[in-house]
Structures are given as C-alpha cells and as structure tokens.
Amino acid sequence: MKNIVVRCNTGIQTGMGHLVRCANLMSVFDEYTIHFLIKTDNKHLTTEIIKRYSSNWTFDYMDSNLSNKDDLKLLIYNIKARNAFLILDHYQVDEEYQKQLRKEGVDWLQFDSHAQQNLYANIVLHSSPGATHELYSSLIDKEKTKALLGVKYIILNEQYRKLSATSQARTSLKSIMICFGAGNDNKLIIECLENIDKDLLSLFSWNVVIGQHTQEKEKIRNLSTTFPSIQLIENEYDLSYYQLNSDLLITSPGTLSYEAAALGLPMLLLKTNDSQSVNLKGWQEMKVALNIGKEHKIDKIILNQYLRKLSKEKNSLKGMSEILLNTIDNQGVFRVKKEILSEL
C-alpha cells in the first residue's frame, strides 16, 4: 500500500489548521502517492496552501452540503479505488461514520481534539499537552486502536524543525505577536488591541498579523498609525521568523500554539471554540501559557494584568520559555510516520 487519502475540512470559518497539520504530516511521505478530499469555503486559499507543499499531490473538492452518508460513500470509494490508507481530520466524524469505515475494512489515522466520543481508528492522534491516556482510556479499544497522545507527537513542518534548534529562552518582554490564524478572526485582533492599556501599546513592540479575512482591518490600520509601535504583518504565510523573534504570542490554543511551543514562545491564549478546551487546559497545566478570556471573549483586566506581570517578572517569562524548549523536541512527525508505516 503506497497510497494515502487525506480527508479534511478547512477554510475561513473552519480555520486552516486541519489542512496544515495534515500537509505537515504528508510532507514526510515522499515515497507515497497523496490525494486530498476536502470540504472548504475557500478553494483558492486551500489550493494555494496544498501547492506550497507539493506539486505532486492531487486533490478533489467535495460539496460542502454533502451529507455524512454521501460523504462517507465517496470517501470509501476513493480509498478502495486507490488501495489507500486514510488520514481523517474533521469534526463531522461521529461514531456511526467510524463504524462504517471499520466495517468496510478501512485502515486509518484519526485526528481528535475533543475526547468526547468512542474512537475506532487504527491510530488516534491528539498531540495536545492535555491529551492523556487517562482521558482516552474509556474511549478506545486498546487491542484495536493505538493512541498517540501528548506533545511528543506534535506535527510541524521542516521550517519549524530547523528554527527550533536556534531558539533561545526569552528573558525579557519586548516584542509581542498577535495572531488568530488565516481565517475569520471574528474581530478578536481589534478587540485585543482595543483592550490593551495605551501605555502598554507604547511600551512594547507589537507584530500584528492580518490577512484577507481579518475583520475590522481599517480600525487596525488606524491604530497602527496612532501607535508606531504596532507593525502590521499582512498576508504573510510563513510566520516562523516573526514567532522566533517574539517574546510572547497572543493567540488561540490551536495550530499556532503548537508552532509557538516548538520555538519556546510563551503564550497568552483565548479559547475561540470548545474543541480547544483540552489544549487550553494542557498548556496552562504545563505552565507555558495563561488564559486571557472566558466565553470566547477577552477579559481586559486579566489581559493587562498578565502583560504587566510578565514585563516585571522576567523569571516568569523565562521559566515558561525554558519549559517549552526542554519539552518539545520537534520529532513528532517522524514518530507518527513510524506508527502509520507499522499499519501498512
């Protein structure tokens, strides 16, 4: 079996994280034929990302309104036609969906973020620091399913693996990055900037990442004019060097949090959807991130308290950074590949 089918959802509303982590994983399967089946609300951006990784990968777009039953039928047809192993990464997968895959003899790896339903894949992958064997013990059959859990299985691309070797512990708070992904940020960037005390906006250097689908861009640009300390990073795909040269990242506990962790970058986190709950709790318990919100909204008082705390207590920032650098070894993609190969 030298073929892999990747089934994922991605886009402006869903976010690009599912596609990116699948592509990062597939990038180490050079000897395999890779085919993506994707539901997306933005074909242009999705195509652009896939082609950045490899011109040899093929992909088809599925109708976003396709029912789970028809989605599954098309997926199984593609897997059998290609005699392929499956990588499954979307949140519409319920137990019945999985049982049907098992019934049809499909072998697959399934990304999970919720730990809220029984899982039937050959391999279940959840690389959150909050993903533990205790959390998953009642959800899997250990005889049939292998659970790859925790930060040793974080999947990142070659650029982050290279830069992680040069990353050093942050010893003072000077440069702060704000980024809420490539999709719709739901006005979180402007909310964040408007809630930061004005003296702090002037005190630090701010790298603010905005893209085509960022909300309230005109307000953000006006703020950057008022405060020269705010630098806008617009429509940039590779953010690794900005992360490497920052001392703190304000983001959500999704894909960007894994990238930050790889580079030893402490975080202030805002959960933007319930699928990030395990991740948020995990980063907090590792003592490498602080929660700045509740009910998907930024808490102004807490945000400013933490910024002042990390500015004054340099050992706190350094300690967070050192924990990450001493814990994340950026070899997760190769560990996952080894486990997949054992199933082929």
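These legends accompany close-up views of aromatic rings, charges over rings and a strand pair in a predicted model.

**View 1. An edge-to-face pair of Tyr258 and Trp283.** Searching the whole structure turns up 6 aromatic pairs. Here we zoom in on Tyr258 and Trp283, whose ring centres are 5.9 Å apart, with 65° between the planes. The angle is over 60 degrees, so the pair counts as edge-to-face. Tyr258 belongs to helix H11 (residues 255–262) and Trp283 to helix H12 (residues 277–285), so the contact ties together parts that are 25 residues apart in sequence. If you are wondering about solvent, both Tyr258 and Trp283 are buried.

**View 2. A cluster of Phe36, Tyr53 and Trp57.** Take a look at how these rings are joined: ring pairs link Phe36, Tyr53 and Trp57 into a cluster.

**View 3. Charged side chains over aromatic faces.** Two spots are worth a visit here. Arg52 lies over the face of Tyr237, 3.8 Å from the ring centre. Lys337 sits over the face of Phe29, at 5.4 Å from the ring centre.

**View 4. Parallel strands E9 and E10 and their crossover.** Strand E9 (residues 205–210) and strand E10 (residues 230–234) run parallel and are joined by 5 bridges.

Notes. Residues are numbered from 1 along each chain as its sequence is written. This is a predicted model: local features need pLDDT of at least 70, side-chain atom pairs count only at pLDDT 80 or more; totals for chains, interfaces and linings use all residues. Side-chain values use heavy atoms; hydrogens and water are left out. Rings of Phe, Tyr and Trp (its six-membered ring) pair if their centres lie within 6.5 Å; planes under 30 degrees apart count as stacked, over 60 as edge-to-face and the rest as tilted. Helices (H or I, at least four residues) and strands (E, at least two) are DSSP runs, numbered from the N terminus. Buried means under 20% relative accessible area, exposed over 50%, partly exposed in between (1.4 Å probe, protein chains only). A charge sits over a ring if NZ of Lys or CZ of Arg is within 6 Å of the ring centre and within 35 degrees of the ring normal. Two strands pair if DSSP finds at least two bridges between them. A crossover is right-handed if, with the strands pointing away from the viewer, the path from the first strand over the helix to the second runs clockwise.
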